[in-house]
Amino acid sequence: MNPVETAADTGRFFDGGTVTDPPDPACPPRVVLERVEVGDVRRRTERFRMQRRIAYRDREYGVLLVPADPGSFESDLASVPALFTWLVPRTGRHLPPALLHDGLVHRADEPADYVSVDGHVLDRVAADRVFRDAMRDTDTGPVRSWLVWSAVTLGTIRAGSTAWSRGQHLRYLVAAAGSLLLIATLGVLATLDLFDVVDVLPWMGERGFVEELVGGLAGAVVVPLLLGLTWGRFRVAGAVTGVALAVLLHVTVVLALISLGYLATESLARRQPVVALTLAGVLAGASVLVLVLAVGPMR
């Protein structure tokens, strides 16, 4: 497969060379990727193998090179679930930072996939901080930067860090899982309250549609900000993740249903094409009908 090569002027990033080709601080980073496929024909996923290193000059840890062994290190680019690629694509300005982060993060039983010129050892929390600064250095949009950093921080809380005790890890897990579950529950209740199915949220109450909508949006910001404080040192990530969940909950549910419908139709089309086309037409018609019924009363 032919490699894909890109180059960009990204400030603190520069060409990391190869094992035999030393880094060149005067040369912009060269992201050279070879696409490889993993799995069988029906469940094939794509990975990208880096052919050259990228180098990043961090403010605290100095020069970091990723990967340690060009040609064998594989990445899925920005690790974004397909459901959210409309918000954060797998490639873009954040690609060099994403590749850097992939190399910096590894399991305890795996060898490191990075080289620190100054001999530093980074845990997951430090890798996440480097990732956040690197996105800023590549002029990634601030909203996207904070969203992506918060997402990888959530992954760090789930996986844990070698620098944490078991009690610390449990505390972070309970705070993150508990607050996100509560936000999702409140989001469902707010939706039911908005359409007068229930009346349980004091910040919405028995008011007009617009007033309740404004109250719901206010709660979707204030409540996650307060719950984010329970995340301790990760309170900023907790606030960002909570607000994003509250605000995007309905969009995510709709996209999930559409995606499931597509996957079901695609699977059926392999066996019964006529039935699949009929089902697709019914789903499209039902979607238009729901939209008309939803918009009509609001006019």
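Start with an open sheet of four strands, ordered 2-5-6-8 and paired in the antiparallel sense. Strand 2 (13–17) and strand 8 (115–116) sit at its edges with a single partner strand each, so one side of each has no neighbour in the sheet. Keep in mind that this is a predicted model.

**Strands and how they pair**

- Strands of a sheet pair through backbone hydrogen bonds, in either a parallel or an antiparallel way.
- Strand 2 and strand 5 (residues 53–58) run antiparallel and are joined by four bridges.
- One spot to look for is glycine 17, whose bridge partner in strand 5 is arginine 53.
- Elsewhere, six bridges hold strand 3 (residues 30–38) and strand 4 (residues 45–50) together in the antiparallel sense.
- In that pairing, glutamate 37 faces glutamate 46 of strand 4.
- Strand 4 also teams up with strand 7 (residues 74–75), again antiparallel, through two bridges.
- Here arginine 49 has glutamate 74 of strand 7 as its bridge partner.

**Helices across the sheet**

- Helix 1 (residues 95–104) lies across strand 2, strand 5 and strand 6 (62–66), at about 85° to strand 6.
- Helix 2 (residues 124–137) lies across strand 2, strand 5 and strand 6 too, and runs at about 95° to strand 5.

**A closer look at helix 2**

- From first C-alpha to last, the 14 residues of helix 2 reach 20 Å, close to the 20 Å expected at 1.5 Å a residue.
- Why call helix 2 largely enclosed? Because 10 of its 14 residues are buried, the rest of the structure largely encloses it.
- Those buried residues include Asp128, Arg129 and Asp133, along with Val125, Phe131 and Met135.
- They pack against strand 2, strand 5, strand 6, helix 1 and helix 3 (142–159).
- After helix 2 comes aspartate 139, which has a positive phi, near 60°.

**Nonpolar cores**

- The largest nonpolar core has 23 residues, and the ones with the most contacts inside it are Ile54, Leu99, Leu100, Leu104, Leu122 and Val130.
- Strand 3, strand 4, strand 5, strand 6, helix 1 and helix 2 each give two or more residues to this core.
- Another core, of 10 residues, lies apart from it; Leu194, Leu201, Met204 and Ala220 are among its members.
- What does leucine 100 touch, leaving out residues up to four places away in sequence? Leucine 100 touches Phe13, Ile54, Tyr56, Leu64, Val66, Val130 and Ala134.

Conventions:
Residues numbered from 1 in each chain as written. Predicted model: local features only at pLDDT ≥ 70, side-chain atom pairs only at ≥ 80, totals over all residues. Heavy atoms only, no water. Pairing = 2+ DSSP bridges. Contact = heavy atoms within 4.5 Å. Axes fitted to C-alpha atoms, helices over the stretch in contact; angles between N-to-C directions. Core = buried A, V, L, I, M, F, W, Y, C linked by side-chain atoms within 4.5 Å. Buried < 20%, exposed > 50% of the residue type's maximum accessible area, 1.4 Å probe, protein only. Expected span 1.5 Å × (residues − 1).
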